Amino acid sequence: MPIQSLSALPREQRHCAETYLRDVAAALQAADAEMRDDVLADLESHLLERLNADATTDDVARLIAELGSPESVSAALGVRVQAPASIGSGRVLGIPYDVRVPTAERIAERLWNPSDPRIWMPRVFGMGWDVNMGAVAVRLHLIEPDSEDVPFTSTPPWAFAAAVAVPVVMTAGMLLGYLVLRDTLPAQLPAHWNAQGVADNYWDQSTAFGFLFLMALVPTLWAVWSVLTRRPALLRGATIGFAGLFASLGSLLWLLTLVTTLTSFVAWWVTPLLIAVAIAVPFGILLWLARAGRNAEQQRDLAITSNL
Amino acid sequence: MVREQESWVSQIRKGVVEVAVLGLMAREQMYGSQLVEELSSHPELAISAGTVYPLLSRLKKSGVIDSTWQESPVGPPRKYYRLTDSGVTALAEMTAAWTSVSRAVNAILLGGAR
């Protein structure tokens with residue numbers, strides 16, 4: 001005989017059923033209120049329908065197991081439970097943000113991910129988007145989406161050493177340029193150029209150099225450290241690419257400082273060219289590391305087959 | 001309701017992409033663009049080229065497939081994919097599940113015998 005209300009059940013059985021319904025209600029917290037009430041009413045009438053006044057606790061437990069866990073009920077309703085991993089990242093007004101501490105995997109997944117066709121990826125750190133240079137390289141037919149199993153893992157150590165030499169040489173060149181020319185340079189150097197390429201703001205010679213030099217030096221030392229200590233391949237690739245960007249920015253700005261100070265050179269195309277080169281350098285470095293990895297994979301596999 | 005149906009269809013597709021890709025590789029080893037081509041000959045699966053490669057790298061990471069470079073009769077070497085032993089087992093389990101689930105659903109929809 002079905003019962004009319006849960007209060008018809010013995011105390012312990014009733015407590016069991018009520019706890020279950022309360023748990024389901026909690027799991028459905030994020031659901032539409034009307035839907036939640038409907039589901040709870042359905043579950044309750046199912047319990048009433050199938051239980052007798054003399055039901056044992058085992059009967060109740062069996063019936064509840066049949067109905068499924070509160071989580072499976074909310075999943076069936078399509079209620080999205082916020083995963084703890086998504087704390088620190090998400091979207092605001094459609095714009096992605098991420099304030100989690102960047103990991104090598106995440107940096108590589110956003111900046112060099114040939115297998116993913118998306119060019120605009122959520123920014124590694126901060127708000128907005130980053131360019132997936134791996135997808136750009138695929139579009140330009142410079143590599144295949146699957147030319148490496150995991151980016152840079154097959155890239156040989158000598159290739160990393162050669163790649164890190166690029167920012168090292170640029171940074172060393174800046175220092176050399178400063179030491180050689182420091183006495184011929186005026187005490188005040190340009191700190192900013194307007195859109196026409198004319199200097200419109202100045203600062204101390206040593207401040208001007210120091211700022212640009214540190215901008216190149218810090219990421220370069222980080223990259224050298226990651227290569228020397230054999231950090232994971234993804235991290236080495238990421239730090240070298242990063243150092244390539246800042247070392248080329250720093251050394252190009254320093255070169256621009258020297259040229260505009262020592263000559264009367266002015267041109268509108270300097271800024272776009274500078275930005276283009278600063279982007280091309282890390283792109284070239286990452287592409288080169290990826291192709292070195294592909295070559296290593298091919299040599300490994302093709303040597304085996306030719307020996308068979 | 002239209003939106004809900006669309007999301008249902010896309011969920012079904014998402015679920016079967018994996019078994020479709022593994023099934024293709026069970027017949028013979030395949031290279032990336034060959035897989036893309038084979039899959040695009042089944043438009044009802046609606047698998048875009050862009051989703052095949054991320055899927056391949058995920059399957060490879062989970063150890064169900066394996067890859068090797070091989071010389072190609074035309075052009076540069078190709079990376080071929082094939083099932084590993086655990087991939088063969090996984091595919092067998094997925095096939096069994098697919099068969100029994102689709103049989104049950106068809107029995108309901110088409111009113112056939114149980």
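1. The contact between the two chains draws 14 residues from chain B and 12 residues from chain A. Two residues count as in contact if their C-beta atoms, placed from the backbone, lie within 7 Å. On the side of chain B that touches chain A, α3 (49-61) and β2 (65-70) each supply at least two residues.

2. A word on the model and its numbering. This is a predicted model: local features need pLDDT of at least 70, side-chain atom pairs count only at pLDDT 80 or more, and totals for chains, interfaces and linings use all residues. Residues are numbered from 1 along each chain as its sequence is written, while chains are lettered from A and ligands numbered from 1 in the order in which they are written.

3. Next, the sheet in chain B. It is an open sheet of 3 strands in the order β1-β3-β2, with antiparallel pairing. β1 and β2 of chain B are at the edges with a single partner strand each, so one side of each has no neighbour in the sheet. Strands (E, at least two residues) and helices (H or I, at least four) are DSSP runs, numbered from the N terminus. Two strands pair if DSSP finds at least two bridges between them.

4. The pairings can be followed residue by residue. β1 (residues 30-31) and β3 (residues 78-83) of chain B are antiparallel and share 2 bridges. β2(B) and β3(B) also run antiparallel, joined by 6 bridges. Tyr80(B) in β3(B) has Tyr31(B) opposite, and Thr68(B) also stands opposite Tyr80(B). Trp69(B) has Lys79(B) in β3(B) as its bridge partner.

5. How do α2(B) and α3(B) pack? The axes of α2 (residues 32-40) of chain B and α3(B) come within 10 Å and cross at roughly 130°. Axes are lines fitted to C-alpha atoms, for helices over the stretch in contact, and angles run from 0 to 180 degrees between N-to-C directions. The two helices are therefore oblique to each other. Angles under 35 degrees count as roughly parallel, over 145 as roughly antiparallel, 65 to 115 as roughly perpendicular and the rest as oblique. The crossing is right-handed; left-handed means that the near helix is turned anticlockwise from the far one by less than a right angle, right-handed that it is turned clockwise.

6. Gly32(B), Leu35(B), Val36(B) and Leu39(B) in α2(B) meet Ala49(B), Val52(B), Tyr53(B) and Leu56(B) in α3(B). This contact has 7 nonpolar residues, 1 polar and no charged.

7. Now a helix pair in chain A. The axes of α8 (residues 205-228) and α9 (residues 233-262) of chain A come within 8 Å and cross at roughly 160°. α8(A) and α9(A) are therefore roughly antiparallel. Their crossing is left-handed. Their contact comprises 18 nonpolar, 6 polar and 1 charged residues.

8. Chain A overall has 10 helices and 7 strands. Its radius of gyration is 31 Å, well over the 19 Å that the globule rule gives for 308 residues, so chain A is more spread out than a compact globule. That radius is taken over C-alpha atoms, and the rule is 2.2 Å times the number of residues to the power 0.38. Along the principal axes, the C-alpha atoms of chain A fill a box of roughly 105 × 65 × 35 Å.

Methods
Nonpolar A, V, L, I, M, F, W, Y, C, P; charged D, E, K, R; others polar.
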